[in-house]
Amino acid sequence: MLSPRSILLASHGTIGAQAAEKIALGLCQSDTVLHHLIVVPDLWRGMMGDDWLNNASTRDTYGKYVEAQLGREIEQHRAVLEREISARGIIFQTRVVLGKPGQCLIEYAAESKADLVVIGSPRPPGISGLRSRMPLEKLARALTVPLLIAPYPK
Amino acid sequence: MVYTQKTPWTLVMGIIMVAYAYMVQNGMMEPVIKFLNTGRHAGEMQTLGFAFGAVAILVGLWQVLAAPKEGQTDYYLSTVAGLMFIMLIAFIVKWGLDPLMAKWGREAQPALGFNFASVMNLNYVVMGILAGIIIVNVFKVPGWAENGVRLSRLGLKTGVILLGTLYSFAELAQLGKLSIVLIGVFVLGSVGLVLWIGARRKLPNSMTGVMSAGIGVCGVSASVAAAPVVQAKSTEIAYTIGTVLLFGVVCMFAFPIIGKALGMGYVQFGAWAGTGILNSAQVAGAALAFQPGGIETLKVAEIFNITRVLFLPIIVLWLALWYVKREVGAQQVDVTRVIVSKFPVFVLGFILMFLLSSTGIFAPARHYQGAYFDNSDKALVKKDRSGKEVNNYLKEADVETLKKDAEKVKRDDQKAALQRLIENKKVMSEDDDATLRGIINAKLMSKEGTAVLNKAHRAIRHTAAKIAMFRDLIAWFFTFGLVGLGMQITVASIKQAGGQPLVIGSIVGVIKAVGSLIVVMLMVSETV
Amino acid sequence: MMHEDKFDRGSALTIFKSDRHEDLAALGLSLLIALLVYLLV
């Protein structure tokens, strides 16, 4: 069985990602470093109001609001994970980046020098959520460490 | 940080522009111009080519040679590269692709049975937006151009403000009234409808709120304005904006095709697009796509757009009060602050420009829509581009046609005006012109007779040079803005359309589009 | 996060600090153009 010393977990609190979190935690020993990567998909850039009739400070307020709202959602998600982790003495780091999920994962995997990358499996059809997927084939080609994909919970 | 990027591209684009203008000036491009039949653009090819090319070369040299320091100069000059990038695309599309498509459309017509270029509206506006969409989604906007693409909204706003020069009091009053009625009914109606459906389906208040703004008022800008007020969740915002964008892109291409198929007039189409399309920038796109050669449709559509923007503070206020009532712990609303912070200042600019123009400084006094009456010899006999004399008096054959139809005219004033036209071979006064147009509108004469009257009317009706210049400039500003706008439409954000917003948005959006189409077709006539 | 470092002011959509600035810039530009048209055409 794998016994990685440093795990990169990519998740954003979706059901698929929660399965990945469970598996990643299961693999952790007391001295394992868990790098938690949260990607804010860059599709948000296209959501900043392509429209030109925006009024006054509206968009600024909106930008700050979206930022804060995403921040709040991430913080909630992180807090849940941290509660489980702190009890077990795992070293835990969170990184939030804005960009394309696949690319960010590849970059962060190299930067964090993780031995194992854990992600959730793609959302099955029919379940709603953001459309921003990890390009699995590209990941498989580019990653230099093993990639573990948690099955989607039934 | 330093924004200027060391790129040779600004310089290269400048050289291309200047070289092209120079070749047009020297007649080296004559075969191409003849082939594409773009002789009427030859003047603007030279002025714009030299003007933009010169600026691009200067700034391009500076970017390559100088070592810019952080600051205002660096920040603002860094936008020039992107500006030139958009302009170059606009030039290629307007002077190259647009006439090429028109030519192919005509040539393929016998084989296809229809002119694909005109049915699909493959004109420079549509192709410019498409070019922008393709560049951002397939190739990515080059890094050195990014800063300049952020100017596109400035271009659109300037276009709207300048548009103010083209209205008369009567026109503005009439369009204003029409737009307030239509927008009032359909915008408030669809906001109400979404709130009602949301309540019936027991959706979260935040989702219903952001959705009703996006689908009811003006798309993304309204969602953006409403999201903080109703404390929307991130996925709710993403769903709604994705839906609005998707709907807007579809509308922008579908509306002009439908409008042409139904044979709608400029006012009808402008009113419909202004009411039915969700996103305001796409209203401008659709209006110009419908009538790329002129801006009558755009003028109507923009009045609707402006009315809609003025409705925005009201909607935001409504949603804020609605949300406070339903949600415990929601922030209290400061009514004046909402109104003041949401009020679009550029609308005041539009009004200022309108007032400036109505003092008559841009056109001879008594002009109507920039046109004025002149039946002097000087105005009727002119030289065209190649120096050939064009005589706009009626020909003998025209006079014969009129004489044949003369007995169909019964009213005395109309008879008299027609008689004077036949004797002098030109319209003799402004009153006569109005009377004769009455004959045209009532369709008293045969087709040929009406054509002659129209010809006589056109001969004495002149567009003021300054107003014509404003028209051209406005079309360029909108083209610039729309190409840049295309570069901001990303597939990644459109793909987020989903969930309840997609379902409800499609239902309400289609109801609004079809409903306003029916109302416009029944109630709006051409006489504005 | 939303306002990346590369945009000192404004956003991906505008180079200005706020829409008010943009509106005023558009107004200024329009007036300048109107003046040029008035004088030159």
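Which helix of chain B has the lowest confidence, and which the highest? I looked this up before anything else. Helix H17 (residues 335-342) of chain B is lowest, at a mean pLDDT of 70, and helix H1 (residues 9-25) of chain B is highest, at 92. pLDDT is the predictor's confidence in each residue, from 0 to 100. Helices (H or I, at least four residues) and strands (E, at least two) are DSSP runs, numbered from the N terminus.

**Ground rules.** I am reading a predicted model: local features need pLDDT of at least 70, side-chain atom pairs count only at pLDDT 80 or more, and totals for chains, interfaces and linings use all residues. Residues are numbered from 1 along each chain as its sequence is written, while chains are lettered from A and ligands numbered from 1 in the order in which they are written.

**Confidence.** I noted ipTM 0.81 and pTM 0.78 for the model. Chain B averages a pLDDT of 84, with 95% of its residues scoring at least 70. Chain A averages 77, with 87% scoring at least 70. Chain C has a mean of 72, and 59% of its residues reach 70 or more. I flagged residues 1-7 of chain C, where pLDDT stays under 50. The model has 11 contacts beyond four places in sequence for that stretch. Two residues are in contact if their C-beta atoms, placed from the backbone, lie within 7 Å.

**Chain C against chain B.** I found 21 residues of chain C in contact with 25 residues of chain B. The chain C side divides into 13 nonpolar, three polar and five charged residues. Here Ala, Val, Leu, Ile, Met, Phe, Trp, Tyr, Cys and Pro count as nonpolar, Asp, Glu, Lys and Arg as charged, and the others, Gly among them, as polar.

**Sheet of chain A.** I traced an open sheet of five strands, in the order E3-E2-E1-E4-E5, with parallel pairing. Strands E3 (91-99) and E5 (147-150) of chain A are at the edges with a single partner strand each, so one side of each has no neighbour in the sheet. The twist averages 20° from one strand to the next. Strand E4 (residues 116-120) of chain A pairs with E5(A) in the parallel sense over four bridges. Two strands pair if DSSP finds at least two bridges between them. A:Ile119 stands opposite A:Ile149 in E5(A).

I then checked what packs on the sheet. Helix H1 (residues 15-27) of chain A touches strand E1 (6-10), strand E2 (33-41), E4 and E5 of chain A, and its direction makes about 150° with that of E4(A). Helix H3 (residues 101-112) of chain A touches E1, E2, E3 and E4 of chain A, and its direction makes about 155° with that of E2(A). Axes are lines fitted to C-alpha atoms, for helices over the stretch in contact, and angles run from 0 to 180 degrees between N-to-C directions.

**A helix pair in chain B.** Helix H7 (residues 124-139) and helix H15 (residues 280-290) of chain B pack at about 140°, with axes 7 Å apart. H7(B) and H15(B) are therefore oblique to each other. Angles under 35 degrees count as roughly parallel, over 145 as roughly antiparallel, 65 to 115 as roughly perpendicular and the rest as oblique. B:Val125, B:Val126 and B:Ile129 in H7(B) meet B:Gly285, B:Leu288 and B:Ala289 in H15(B).
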